[in-house]
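Subject: Structure handover

Hi,

Here is the structure I promised to pass on. Please open it first, then read my notes below.

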Amino acid sequence: MAATSKSEKYAEARKAVERLHSQAGSADEFMKSIARVLNDNMLKYNWVGFYMLEAGANPPVLVLGHYRGAMTPHTRISLHQGICGAAASSGKTVVVDDVSKDSRYLACSLETKSEIVVPIFVHGTVVGELDIDSHFPAAFGAEDRELIEYCAQLVGKRLESAPVTTT
Ligand code: SME
């Protein structure tokens, strides 16, 4: 069987995510499936998870949602902490090629070398983010950013049409 080229991998992952988006189901189920699909299909995506802003929390706090990968000690992150806090408070994607050189970085696993965090918007407001860690340095290039931002966009759309109910 012919090896799948790198760009085919991105196209396949995008299609898999689009298929999930076209299926019925809650935003919560959609996020769970995205974490699985990205972690299973993209070799360098060693930890894939969502942090969502806790409804009504003051000061705001990001709470760990669905994830795939090693357990993390960071289940609640405030907006002035970590790469996660930086992405949520700025509303901008943050890519860190070498986490050891970024003083904001909160360590999740000793193996992590690079990280990308992409905010998720609902009606123009940040509601959470998609966080991916890699055991490889500088793992997140333009194609990765595009794929992960696309996933975050679809999650935002799904949340707009079927908000997660918090208990
Ligand atoms: N590294 C993140 C914390 C979350 S763990 O990577 C899962 C940060 O610096 O905010």
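H123 sits in the loop between β5 (114–122) and β6 (125–134). Its phi is positive, about 50°, although H123 is not a glycine. Helices and strands here are DSSP runs, numbered from the N terminus: helices are H or I with at least four residues, strands are E with at least two.

A word on the source. This is a predicted model, in which local features need pLDDT of at least 70 and side-chain atom pairs count only at pLDDT 80 or more, while totals for chains, interfaces and linings use all residues. Residues are numbered from 1 along each chain as its sequence is written, and side-chain values use heavy atoms, with hydrogens and water left out.

P59 lies in the loop between β1 (47–53) and β2. The peptide bond from N58 to P59 is cis, with omega near 5°.

H74 belongs to the loop between β2 (61–68) and β3 (76–78). A polar atom of the H74 side chain is 2.8 Å from the backbone oxygen of A107. That is a polar contact: a pair of N or O atoms within 3.5 Å; within protein, one must be able to donate a hydrogen and the other to accept it, and residues adjacent in sequence count only if both atoms are side-chain atoms. Leaving aside residues up to four places away in sequence, H74 touches Y51, L64, L106, A107 and C108. Contact means heavy atoms within 4.5 Å.

The ligand

Which residues come nearest to the ligand? They are I83, C84, L106, E115 and D133, out of 13 residues around the ligand. For this count, a residue needs a heavy atom within 4 Å of the molecule.

- A backbone N or O atom of C84 is 2.8 Å from a ligand oxygen atom.
- A polar backbone atom of L106 is 2.8 Å from a ligand nitrogen atom.
- A polar side-chain atom of E115 is 2.9 Å from a ligand nitrogen atom.

The helices

Start with α1 (residues 6–22) and α2 (residues 27–41). Their axes come within 10 Å and cross at roughly 160°. So α1 is roughly antiparallel to α2. Axes are lines fitted to C-alpha atoms, for helices over the stretch in contact, and angles run from 0 to 180 degrees between N-to-C directions. Under 35 degrees counts as roughly parallel, over 145 as roughly antiparallel, 65 to 115 as roughly perpendicular and the rest as oblique.

The crossing of α1 and α2 is right-handed. On the α1 side, the contact uses K9, A16, V17, L20 and H21; on the α2 side, F30, S33, I34, R36, V37 and N41. By class, the residues are 6 nonpolar, 3 polar and 2 charged. Ala, Val, Leu, Ile, Met, Phe, Trp, Tyr, Cys and Pro count as nonpolar, Asp, Glu, Lys and Arg as charged, and the others, Gly among them, as polar.

Next, α1 and α4 (residues 142–161) pack at about 0°, with axes 11 Å apart. That makes α1 roughly parallel to α4. Their contact has 8 nonpolar, 3 polar and 8 charged residues.

Last, α2 and α4 pack at about 165°, with axes 9 Å apart. They are therefore roughly antiparallel. Their crossing is right-handed. A27, F30, M31, I34 and L38 of α2 meet L147, C151, L154, V155, R158 and L159 of α4. These residues divide into 10 nonpolar, no polar and 1 charged.

Best wishes

Note on methods:
A crossing is left-handed if the near helix is turned anticlockwise from the far one by less than a right angle, and right-handed if clockwise.
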